[in-house]
Each structure stands twice: as structure tokens, then as C-alpha cells.
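Please read them with the structure open.

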Amino acid sequence: MKARYKYRIYPNNIQIVKLNQLFGCCRYVWNNALSHCHQLYSSGHKKPSYVDLTKQFITQAKRELIWLKEVASTPLQQSLKDLDQAYKNFFDRCGGKRKGIKVKPPKFKSRKSRQSARFVGANYKVEQDKIYLPKIGKIKVVWSRALASKSSSVTIIRDSANRYFASFVVQTNAEYLPKSNNSVGIDLGISTFATLSNGAKILSPKPLKNNLKKLAKLQRKFSRTEKGSNRWEKARLKVSKLHTRIKDIRTDFLHKLSTKLAKEYDTIVLEDLNVSGMVKNRKLSKAISDLGWRQFRTLTEAKCKKYGREFRVIDRWQPTSQKCSHCGFRGGKKELDVREWTCLNCGAVHDRDINAAVNILEIVQPKTKVEIIEEVAEIPVQLSLFEEVADGQRSIILKTDTEPT
Ligand SMILES: [Zn+2]
């Protein structure tokens, strides 16, 4: 499996100038090629191939623009490869070949956002505390952990807070862990980040909420500065730095939690949440963006793969919060502020989130479910067995599937 390893690098002032020049050239090549593709597309032509684009926007362009020759050429080629791939992903998604999240067509790159350039093959060298890049030199790097294997490429990144990183994609071996014989269902929520089917509740740090006042203050200050001025850049950097700090706190929490869960459980079951739909709800959007559900799912899935665990997602139309996890009785829809309820059928008192988490796990791993066809009834009935009811007696509840919900 593939993993991304990211390290902070510390270019000196001369190297920063050279890196910015490189980022600018990559952006120039990308944007020009993209606009050319747009033009062809609107006049009914097909998108040119990667080779054609290279000829026109690197080889030909270098004859006319001297500054394009001052930077290494592999990152320029990689930039066009990325454009080609971005188009391919988009077309595959439109044609139904690619599943999952909606893919948007490639966009123009802006000077203001995150910048990147990729070196491949023998083009760069990794040394003890430096990375050598052609036409830039040796940049100081802090190897926060060892590289798992030799990477075939390195991407140099500048984020919006002006920090520089080297990112490697390497082949890693899965570290299969021994079976723990434990499985878990997880209900993700707003007040409690995650509720586990064993009853554990995990609260998340709320970095955005905690820094909202500070962020608003910085943003006000930023909006009052004159665009492009020194003070404007200073204020912009302050806003960006706070944003990246908020992001770092969130990511750190999600990494630790997903690793812990993947190490402890053989099977992890999550509910598919319509996050993008929820974020459109403006009341909820700030709270939800602060939580990082989507990122949690991605990280958990990746770590399950790494440790040889099973990762399952159940679809979001399952009535996980309506059903009693003891007897299977459907109590109907509950408002979001109902945190605790009593089952009208068996009398069990439920914590809303724990009950949902148990149901989420139950869908993938049913405890005891025997389906029988009763002779008298025309419709199949489902027999659910459960351990104990409120009054302490063992019972069997017969229930038809056609009951009103
Ligand atoms: Zn019940």
C-alpha cells in the first residue's frame, strides 16, 4: 500500500526566491495549457494529449520565454501530467467509471493559494539532513521519522502560512495486527464527536469554535488593510497561520483517534453521512466543518488497511437512531434534542448515541437473528432474541416487518 510522508523543510532566502520562481513557472504552464484545453473544448475539439501539451507549453514556450529555462524542467512536465490526470479523473467520473465523491474539472491555479512542484526519478537526492533539488540546491530538512522506502518522487509544497514541506509517496508494508476479537460501531455526532457501541464517548477539541473570536479580530484587521501592501501581506499571513493551527489541532486529534481505533478493533463500522448536504445547512455548517467527519472516515479507512482490519460503512438511510437496540422495535423519528429515550416495547432506556452505535454495528454483525416463516402468517416475521428486558425476564418478541414505523 502507498503512504504519504511529509516533512518540514527550511529553505534559505535565496532558495525561497528560486522556489517561488519554480512555483510560478509550474503555475504558468498549467494555467496556459488549461486555458488552451478550454478553448479547444468550447470550439468542439478534443482535449490534446500530454505529449502535444508538452511540445506546445514547455518545448515551444522555452524558445520564447527565457525565464522558463531558469527552472528545472521535470516539475513543469509533472504539472502537465497532473493536468492530464485531473482531466482523466473528471471524465471517468462523468462517464461513471470512477465512483465516490464528485470530481470537478481542473481549475486555474492562483498565486495566493497553496503552491507545489514535483520532482521525479534521479532528479532529486535525499541526504542526511538535506534534500538536493536541481537548480535550487540543498535544502535543510528535518526527518521527523524515517522514510519507509525510497520514493520515486518528491513534492515541494508551500502552504498559505508560508511553511515549506517535502512530501514523499512511498510503498509501505501493511503491519497486520493479531485479532483482538472486538468490533465496534461508531455514531458520529455534533455534541459528542464519536460514540462507540461499547458506550464510550469521545469528545473532540473544537479548535475553530475556540478561536472564533481571535479569527474574527484578525480578519477584521486584514480587511482594513490596503490590498497588496506590506501590512496587507502581514495581516494575511496572521490569518493563514491561525487557520493552519486550527487545522493542525483537528488533524492531530483525528490521526490519534483513528490509529487507536484501528489498533483496538478487528471491524470498525461507520455510518455514511451526507456531510456535504449537512454543511449546506448553515446553522450546522460551522459546527460540522469543525469536526472533520470526512477526514476521520478517510483516516480510519487507511489505518484499517494498514493494520489489516475490516472497515465498513453502512448507508445513511438505515434507521439507526429510531430502532431499539434491545428488541428491534422501531420507535419512530426523534428530534435532534432528544438525547435519551425509553423503548415503548421493551422498556429499555437508551442513550440516543450509544443506541445508534450499537445498531450500526448490528447491521454488519447481527448478534442473534433467526428468520422464520410462520405457517399461519403470510408475511415473513422476524424473530429477535435478546438477553434481558427491563423487568429482568428473558423474552422473545415476535414482530412483523410491515409494522408501521
Ligand atoms: Zn426495545
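Is the crossing of helix 5 and helix 6 left-handed or right-handed?

1. The crossing of these two helices, helix 5 and helix 6, is left-handed. This is a predicted model, and the points that follow should be read as such.

2. Helix 5 covers residues 212–224 and helix 6 covers residues 230–264; their axes come within 9 Å and cross at roughly 160°. Angles over 145 degrees count as roughly antiparallel, and helix 5 and helix 6 are therefore roughly antiparallel to each other.

3. On the helix 5 side, the contact is made by K214, L215, L218, Q219, K221 and F222, which meet A235, R236, K238, V239 and L242 of helix 6. Sorted by class, the contact of helix 5 with helix 6 has six nonpolar, four charged and one polar residues.

4. S160 sits in the loop between strand 6 (153–158) and strand 7. Is S160 buried or exposed, or something in between? It has 16 C-beta neighbours inside 10 Å and so counts as partly exposed.

5. Leaving aside residues up to four places away in sequence, S160 touches S113, R114, S240 and T244. S160 and R114 are 46 residues apart along the chain, yet their C-alpha atoms are separated by 5.5 Å. Two of the residues that S160 touches, S240 and T244, fall within helix 6, residues 230–264.

Notes: Residues are numbered from 1 along each chain as its sequence is written. This is a predicted model: local features need pLDDT of at least 70, side-chain atom pairs count only at pLDDT 80 or more; totals for chains, interfaces and linings use all residues. Axes are lines fitted to C-alpha atoms, for helices over the stretch in contact, and angles run from 0 to 180 degrees between N-to-C directions. Helices (H or I, at least four residues) and strands (E, at least two) are DSSP runs, numbered from the N terminus. Angles under 35 degrees count as roughly parallel, over 145 as roughly antiparallel, 65 to 115 as roughly perpendicular and the rest as oblique. A crossing is left-handed if the near helix is turned anticlockwise from the far one by less than a right angle, and right-handed if clockwise. Two residues are in contact if their C-beta atoms, placed from the backbone, lie within 7 Å. Ala, Val, Leu, Ile, Met, Phe, Trp, Tyr, Cys and Pro count as nonpolar, Asp, Glu, Lys and Arg as charged, and the others, Gly among them, as polar. A residue is buried if 20 or more other C-beta atoms lie within 10 Å of its own, exposed if 12 or fewer, and partly exposed in between; C-beta atoms are placed from the backbone.
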